[in-house]
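Student: I'd like to learn how to read a few backbone and packing features in a model. Can we go through them one by one?

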Amino acid sequence: MEIRRPLLWIVVAWLCGMAVASRFEAVWIAIGGAASGGVVLAWAGGQRRKNAMTAFAVAVAFAVGGAWFERYDAGNDTSIPLSDEAEESVLISGILRTKPETDGDRASFELAADRWTVRGVSYPLSGEVVKVNLYFDTEAERGLASSWSRGDRATVSGTIRKAMQATNFGGFDYREYLRRQRIHWTVAAEGMTSVERLPPTEWSVPRALSYIDRVRDDMGKRIEAQYEEPVAGFMKGLVLGLREDLDPVNYQAFSQVGLTHILAISGLNVAIYVGAILWGLGRLPITREARLVAAIAAVPVYVALTGASPSVVRAGIMAMIALYAARRRLLKDGMNVLAAAALVMTAWNPYFLYDISFQLSFAVTAGIILGTPLMNRIVRIGRPALQSAVSVTVVAQCVSFPLTVTYFNTFNLLSFPANFAIVPLFSLAIMPIGSIAMLLAYVWPVGATALAYVAEKLTSLSFGVVGWLSTFDGAASIWPTPPLWWIGAYYATLFAALAAAADRIPAPRTIAGRLSRLLQRRSVLVSASLALYGIALLYAYAPTAFERSAVVSFLDVGQGDAILVRTPFGKHMLIDGGGTIRFAKPGEEWKIRSDPFEVGADVVVPLLRKRGVQSIDALFVSHADTDHIGGLQAVVESIPVRRVFFNGTAKEGETSERLLRTIVSKRIPLTAAYEGMVIRVDAATELRVLFPERAPGGELEIRKEQNELSVVMLMTVYGRTFLFTGDIGAAEEAAIAEALRERSVAAPAASVSTAPRSSPLPRIDVLKVAHHGSKTSTTDEWLEATKPGIAVVSAGRNNIYGHPHPTVTVRLQEAGIMTLRTDWNGEVQFRITPEGWAARTKLKP
């Protein structure tokens, strides 16, 4: 058979070559190129000369794509000769490449640096871009920074350092994220006195773009004047791609039901824009060719005005190619146009390959082009418009699914009806009406206000519907991050199932022709394809279902504790959840950021989802201090929890009280853990509570000081022992050691039980050092009683408490105990099997 769409095959090979180059050694580029060409020949047959030429072009494209990525990546280096760990006071000058983004007490911008001074010596720079974070001393300073523009010249005095890399396995790597934007250094500056800003004196690309920023800002102000919050912030994101003022609550609701793509300026926006231009120009006495040329010239303006995200760049390039092809009367195939857009974007910047917006935009567009005709043959609805809407919605959701679970690790079944109902409302009503109202505000304010009123009511209605849908927790599911090969297998089985169900499987030829005639029957093909598709989904949902190893992870949550345990039979336990401690003073409310960092929502929950924690079988709250429970609020709200164990007391304060209210409102069983309690988690895992003693009476006691009441537990899994100590002090350590010398603990008779004690504390394999290594804990007597092989300290980098204290680290060293620290080593992880165990850390010591 003859190969159709050779350009598509070539571009796919180009992208595959880049993907291989990003992960493997150069030799695999050559191997992949030869293999790709061979696959094409084997599939299509080499009898036709055109097929052989296409196969050769595919092989070359694979190799050239890989080589181009390697060359581009090798050239992404810094000209600042400092080590990765260096921190230096510098004076750095250059041109603002981006407009400052102001939020709370901080403004961030990119500086195209041309000179830097370190230790009194000045050096020129070329092609170096740094990320500047300016922290304000007063609220008035924030207003000054918001007046700066791209193209302004600035000299910044601050501390230069590399961005933080990922410190947990699978965690967000900010350093790599910036590197892909060709940024290698960050500069932290304190107060406006550390920045000297001058207006631009010469032409530059950022200065030219600053005029677009001004137009965009003015349009944003028009939208702000037309709507009340939170609709105003939402409309700015929908119409202009300005997402800084989005309401976090509404955004979270949209995210939960899979609707955040509505805020991505993409193909539909560009199509409406181009259509409006062509319609307007059609009213003028100009030729068809002139109208198309004018529309081509107008597309880049719209792309720039809406922020030039990968999705809108893709749509803009596709629109320009399609308009040019229409002018030349060559427009035949949307897939070729899409392939050409991908080739242009990745040739310009290969790092687009990593961008989720790029991936989703191209995958969904290709899926709709290829899959919708197949789905239309499967779904039979009397009304063509309704049938098309259903087909597009189902195909788009199925195609976006693997990328959604890869990056967000969640999928909501309600996303199908939500997208079917809400997307047309935004695309065909709210977005066009909002855009017209914004433009009309320049010439007819009264009419603009009337249109804005309609858009606001429709948007508020959508907020209510989406908020209601997001309350159905049972529709949401958590998926671990799948391997790359699974994504390819998923798409293969999906489109095989669609093609089989639509009866569009091509007649077997060449290699396929050797298959049994049985496979030519449609019913068998459909059943086999659906079965393979189902197997792919089941594997992705529970890839470790038959794995019988235990994993104990001391997560790096800064100054706090969070320990995740996966038992050999797939149970999950979480001990504490870290917490962000804030020191806000009266009158400093202006410093609060619109979406401040919160360790539970930004670190713990994403990590648990990535690791496939679909429910927490037991949540242990060692005590109620913020650095242990602050992150648990997000955990309890985001992941089903089956049971909570705590120390039997409560603490006054918003953090503790809110968490307790949430646990009660969700009807999660709440159990006080006390000395002598034994918890049999599964056949290989047992927990014994060593402290605190059981409180008399049944009332919940309010205790301000919580450290000395921390829950202390001994976990045994496959014969290995872990001692979790919370924040106990020397007195509690002595009491536990003394009690264990005098008494003993019997084996459990049920899943949760208490019994008279009968055996002393065994030798501890891993000791969680109490209170982050405070000098008030970890005495010589405690180390003698526990005899740990490894000690783990959970502490924040450069924390204000000085944890771990030097006396403790010296004491551990003198005792010959290997010490691992989350502030030095990042996440500390232990994997235990019946045959043995192993430890690894995210960062090297």
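Student: Where is Arg 667 found?

Tutor: Arg 667 sits in the loop between helix H22 (654–665) and E16. Helices (H or I, at least four residues) and strands (E, at least two) are DSSP runs, numbered from the N terminus. Arg 667 has a positive phi of about 55° although it is not a glycine. Keep in mind that this is a predicted model, where local features need pLDDT of at least 70, side-chain atom pairs count only at pLDDT 80 or more, and totals for chains, interfaces and linings use all residues. Residues are numbered from 1 along each chain as its sequence is written, and side-chain values use heavy atoms, with hydrogens and water left out.

Student: And E16, what place does strand E16 have in its sheet?

Tutor: Pairing first: two strands pair if DSSP finds at least two bridges between them. Here eight strands form an open, mixed sheet in the order E16-E14-E13-E12-E11-E10-E26-E27. Strand E16 (670–672) is an edge strand, as is strand E27 (836–841), and each pairs on one side only. From one strand to the next, the twist averages 15°. Inside that sheet, E12 (residues 572–575) and E13 (residues 618–620) pair in the parallel sense over three bridges, with Met 573 opposite Ala 618 in E13.

Student: Which peptide bonds are cis?

Tutor: Look at omega. A cis bond joins Glu 229 and Pro 230, with omega about 5°; Pro 230 is in the loop between helix H6 (205–226) and helix H7 (231–240). Another joins His 803 and Pro 804, with omega about -10°, and Pro 804 lies in the loop between E24 and H25.

Student: What unit do E24, H25 and E25 make?

Tutor: A crossover is right-handed if, with the strands pointing away from the viewer, the path from the first strand over the helix to the second runs clockwise. E24, helix H25 (residues 806–814) and E25 make a right-handed β-α-β unit. The parallel strands E24 (residues 790–793) and E25 (residues 818–821) are joined by four bridges, and Ile 790 stands opposite Met 818 in E25.

Student: How do the axes of H14 and H15 cross?

Tutor: Axes are lines fitted to C-alpha atoms, for helices over the stretch in contact, and angles run from 0 to 180 degrees between N-to-C directions. The axes of H14 (residues 384–407) and H15 (residues 415–440) come within 10 Å and cross at roughly 135°. Angles under 35 degrees count as roughly parallel, over 145 as roughly antiparallel, 65 to 115 as roughly perpendicular and the rest as oblique, so H14 and H15 are oblique to each other.
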